[in-house]
Amino acid sequence: MGTIWKGGTIYTMKQELQTVEAVFTEGGTIREIGKLDELMHKYSGQITEVQELGGGVMFPGWVDSHMHLIGHGETFLKLQLGSCTSREELLEAVRDQAELLPEGMWIIGEGWNENNWVDSCLPEREQLDLAAPGHPVLLRRICRHVIAVNFAALEAAGIKEGCPEVAGGVLGRTTVGTLSGILKEKAQDLILEAVPGVTEEYLEAALTAAIQDCWSNGLTGCHTEDLSYYGGCARTMRAFNTVIHEHEKHFRAHLLVHHLALDEWLEEMKGKGIESPMLEFGAMKLFADGALGGRTALLSRPYADAPETSGIAVHSDVELEELIVLARKHGMSVASHTIGDGAAEKVLRYLEKHPCPEGKRDRLIHGQILRPELVEQMKRLPLITDIQPSFVASDFPWVMDRIGEPENLLIYAWKTLLNHGIHCAGGSDSPIEKVSPLEGIHAAVTRTKPNQPAVYGEEERLSMYEAISLYTTGSAHAILHEMDRGMIEEGFAADFTILSRDPFEEEPQALLQNSIQMTVVNGSIVYQNE
C-alpha cells in the first residue's frame, strides 16, 4: 500500500527543470512517476494516502556530503562562540559558563573565529585563566584545527614549560617563549585525550538533536566522520545503531572511517550486521593538512601574510603513502581532508600510484586550493570532490590575505571542476559552518556573503541547477548510490525535500527567505513546518 504525492512542483533533478505531476511511493521506494490521473487509475487499489504538497516544491532528498553529525548535535549541548565579535565577548561567555558549572568541571566551547573580531587577538592562556580560574577550559576554533586552553587544561594534559614540540602540530608560545595555550593540529590531541570521556547517553542525545535539526533544514541524510573522537568507535557505532534503528530516527547516515579507528572498526564489524539502508560505512578518512584560518593548510608556496610557513603536512610522505596502502589492503577507498594545493599534490600522487578498488571512488574533502595540472590529474582518477559552498561566505576576503596573488592557483574553483567533468558533492562541514543547504546553495550561486554585494570569484558561480545537484545527484554519486538515490525516479529511495518556494523562479537572494515545508525519509514525513 502506498502514497500519491501531488499538488506542487516536483523536480526530478534528472535534467534541468524537468518536472512530473505526481509520484507514487510504496515501502520507502518510488514506484512510478508521471501524470496524476494515470497514476491514480493504475494504482487505485493500492493507494492508502494522498499527500497534498500544497503548492510546495519537491526535490529528491538533500544530503550533506561532509559534516560531523555528533559534533553538530553537540552544538546544542556546548558553549557556542560563533557569534562572538571580540575576544572580550568570548571571555565573558566563558565567565558566565564558569558561574553555571561546578568547580573543576571542564568548560568546552567551539566556533570562535578571530578573523571576525574587531581586535583579532587570540584567547590565550593568561586571559582564560582569569576568566575561569576554577575550571579547565578548552575552546575549539571554528576550523577545529586550533584550540585555546588555560593552565588547568594544560596541567590536566601534563603539558609543562619545556615540553618538546609535537610532530605534525604546534604548541603555541608567547613572545617570551612560554606556553600561550594555543595548540594546532596534532598538538591538540594532547589536550583532547585529557578531556573526560563522554557517555553513550550523551552521544545518543547529541545524535538525536543533530538529526532533528537536519530534518528541519531539509536534510534526509549525510556523510559524516565521527568514529575516532568519542572514546572508541564501538560506543559511537552503538549510539548510531540505537538512535537510527532502535529509536527509529530515520536518516541516511554514511560514516567515513578515520584511520585511527580502522582496527577497532574492522573488529566491531565482524558479525555485527548493523548496516542497513539507513546506516552504512564508507571510505577510510585521513587528514593531509590543516586549515587556512590557522595557516596550517599545506600550500605549494609560503603564505603571503606569513612567509615563514607554507602550512603543515599532517603526515610525512612515507606515512601518507602507508595509510593509502592500508586502505587498499582492506579494499577501501580514501577520503582525504585536503585544503591546500601542496596537500592535494601529495595525496593525488599516492592515489594514482595505488589505484582505488574497482567500483569505488576516492574523495578529496574540501579541495579549496588547486592548480590546473592537479585538476588534469584528478580527471584521470575515480575521484569526487566534497565541497563546502558556505566557505565562500565565511572565508572571503581574508583568505586572499593568506594566499596573496592567485597566479597559477585555482581558488574555490567549483565551476572549473564541474566543467572538467569532476563530480562534486555539497556539504557544510557542520558544526564549522551552518548546516543549512539553502545557505550553501546561495553561496554557490552568488559567491557572496548573505545580504552583501561583494562577489568573490564570479567566474566560479554555479547555476541554480548545478548548486542543487551538489546536494542530490552529487552526494549520491559520492557514495555509489547514483542508481537509487539523488533523483525522483522509479526504483529510487522515497526521500524528498519540499520547499515553500521555487528557487528556479526567483532571484538567488530569495533562497535566504525560503523555508523547508516538509522533509520525507523512506516515504515517511519526518518534519513538517506547521
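**Notebook: H72 and the aromatic rings**

I looked up H72 and, leaving aside neighbours within four places in sequence, found it in contact (heavy atoms within 4.5 Å) with M67, A210, D213, C214, S430, P431 and V435. The model is predicted: local features need pLDDT of at least 70 and side-chain atom pairs pLDDT 80 or more, while totals for chains, interfaces and linings use all residues. Residues are numbered from 1 along each chain as its sequence is written, and side-chain values use heavy atoms, with hydrogens and water left out.

I placed H72 in helix α2, residues 69–74; helices are DSSP runs (H or I, at least four residues), numbered from the N terminus. H72 is buried, with a relative accessible area of 5%. Buried means under 20% relative accessible area, exposed over 50%, and partly exposed in between (1.4 Å probe, protein chains only).

I then searched the whole structure for aromatic pairs and got twelve. The ring centres of Y229 and Y230 are 6.4 Å apart with planes at 85°, so I noted this pair as edge-to-face. Rings of Phe, Tyr and Trp (its six-membered ring) pair if their centres lie within 6.5 Å; planes under 30 degrees apart are stacked, over 60 edge-to-face, the rest tilted. Y229 is partly exposed at 38% relative accessible area, whereas Y230 is buried at 8%. For Y412 and W414 I noted centres 6.0 Å apart and planes at 50°, so that pair is tilted. Both Y412 and W414 are buried.

I also noted one aromatic cluster, formed by Y11, F59, W62 and F504.

Last, I looked up charges over rings (NZ of Lys or CZ of Arg within 6 Å of the ring centre and within 35 degrees of the ring normal). The charged end of R447 sits over the ring of W414, 5.2 Å from its centre. The charged end of R349 sits over the ring of Y350, at 5.4 Å from the centre.

Technical notes:
Helix = DSSP H or I, 4+ residues; strand = E, 2+ residues; numbered from the N terminus.
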